[in-house]
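Good morning, and thank you for making time for this item. I would ask you to keep the sequence and the model open while I go through a few positions and then the chain as a whole.

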Amino acid sequence: MATLLDVLDAAVNHHMAGRLAEAAQDYRVVLDVEPAQPDALHLLGVAEAQRGAHAAAAALITRSLRLRPDAAAPWANLGGALRVLGDAERADAALTRALALDPALADALTNLGSVRHTLADHPAALAWLERAERLRPGHPDTALNRGVVLRDARHFAESDACLDALLAARPDHADAHLARAVSRLVRGDLRAGWDEFEWRPRRLPAPPWTGEPLEGRRILLHAEQGFGDTIQFARYAPLVARAGGRVILDVHPLQFRLLRSLGPEIQVLVRGPAPAPHDLHCPLMSLPRAFGTDLASIPAPPAYLFAEADEVARWGRRIAEVDTATGFGPRVGLVWAGNPNHRNDRNRSIPVERLAPLLDTPGLRLFSLQTGDAKAARPAALPDLTAGIRDFADSAAILANLDLVIAVDTATIHLAGALGVPAWLLLPYAPDWRWLLDRADSPWYPSLRLFRQPRPGDWDSVLRVVATELERFAAAQLAPQKQS
């Protein structure tokens, strides 16, 4: 008869052979008999993490550590799970504890470097990654992380060398190609960046369009990433139609009404379980490559999406009702946080308590456009305009009633830019590639003005500058009223 130790050994053998389901089943058999078996708890947690269940993994490994708090490997694996879950502070503490117990855990070193990168501590991130590199020279995870941290710290030559070496050893490393794409794009080398960007996953089997003559063929343009990306690159759909394609634009239902404003030559469809019949396809984010877009040829009309007139009037009446309690002055909408599940949300979102310099600016009617979890922290003095929003067409109508939008890097800023609404974008030190570096304007959206952190994490400097500019904006808006 098999003993509990035999079952645990069998589970470990399954685990080492990659048979996660069988391993997990055996670990659970052990835990049914002995719920406080620390190895079974730890290794079941590892198996859960390997199949993507990181919250379950963290809970199991935490139970294991209560029983054996001085075991280094469980602390390291807990830190890895917490890193994926976006809990950077707890991940940092767990990984630091693991390395205090065993300084030679290379995965923990790499993960701690990644966590410090998330916390915008670039020097510490590089120090941990260099320790990992010394232990495991040429390891792809460490090399990729080093390349990305060096890029975001603006050490571009070193980043290029790191990523180039990784790709020389592993030419098909898709994440390294994508990291190099971002590095090219953020520096304005768009054509080289678009080429590397093609290492994104593909989801359709039909032939991709790469810019060849269309000659009336049906081409499916499909969204593949976030709402902001769809808005930004939808500008190319009319160009595809003018190039001779019968354009079908496949979009999320929340953007259907908005994107119909691209024009009657674009057939806009709500994304379904199967794509509409087509001859060719092109992901929206591959269109700049198909058109050979560089900095000088970005198609950037003053506006290319439009709010529905009746919706603008309807929302205008609703905003006027709120206006009665907000005094006088230009209407300004605020968005201070993005989707908390976004990989870079910690750096692009602003804690609401830091907004005081903006909220104290006189001569403005300030409104909240914040959605999602961060909406719960809305200051009481900031009226909410988001109640009753059904989709992006409603959001467009609200923005059309405002004089200015101030937002972090979210879909709202793309929507304002596409509508031609004046907007100020608040950016972290390491911005998303599309905003480039060290410039106060955007070649993608003429109505945008960019305000950048001078150093990682420094929102206070940004908000002081924006508050000063807001006072000037309010004074300029009010001057014609005083004269009249």
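His122 is in contact with His117, Val149, Asp152, Ala153, Tyr429 and Pro456, leaving aside its neighbours within four places in sequence; contact here means heavy atoms within 4.5 Å. The residue belongs to helix H8, residues 122-135. Helices (H or I, at least four residues) and strands (E, at least two) are DSSP runs, numbered from the N terminus. His122 counts as buried because its relative accessibility is 8%, where buried means under 20% relative accessible area, exposed over 50%, and partly exposed in between (1.4 Å probe, protein chains only).

A word on the basis of these values. This is a predicted model, in which local features need pLDDT of at least 70 and side-chain atom pairs count only at pLDDT 80 or more, while totals for chains, interfaces and linings use all residues. Residues are numbered from 1 along each chain as its sequence is written, and side-chain values use heavy atoms, with hydrogens and water left out.

Val7 is buried, at a relative accessible area of 18%. Its contacts, apart from neighbours within four places in sequence, are Asp26, Val29 and Val30. Between the C-alpha atoms of Val7 and Ala17, ten residues apart along the chain, the separation is 15 Å.

Two loop positions follow. Ser447 sits in the loop between strand E8 (423-427) and strand E9 (448-452). Is Ser447 buried or exposed? With 18% relative accessibility, Ser447 counts as buried. Setting aside neighbours within four places in sequence, Ser447 has contacts with Ala416, Gly417, Gly420, Val421, Pro422 and Ala423.

Gly363 lies in the loop between helix H19 (356-359) and strand E6 (365-368). Gly363 is partly exposed, since its relative accessible area is 23%. Not counting residues up to four places away in sequence, Gly363 touches Phe328, Gly329, Pro330, Ala474 and Leu478.

The structure holds one cavity of 30 Å³ or more, and the largest cavity has a volume of about 30 Å³. On a 1 Å grid over the protein atoms alone, a cavity is a set of points where a 1.4 Å probe fits but cannot get out; a pocket is an open set with protein on both sides within 12 Å along at least five of seven lines; and lining residues have an atom within 4 Å of a point. Grid points are joined across faces, edges and corners, and a volume is the space filled by probe spheres set on the points. Which residues line the largest cavity? They are Leu334, Val335, Trp336, Ile350, Leu355, Leu358, Ile406 and Leu426.

The second largest pocket contains about 210 Å³ of space. Its lining has 13 residues, with Ala337, Asp345, Ser349, Ile350 and Pro351 nearest its centre.

Finally, the chain as a whole. Its secondary structure comes to 22 helices and nine strands. The radius of gyration is 26 Å, close to the 23 Å that the globule rule gives for 484 residues, so the chain is as compact as a globular protein of that length; the radius is taken over C-alpha atoms, and the rule is 2.2 Å times the number of residues to the power 0.38. Buried residues make up 53% of the 484 residues.
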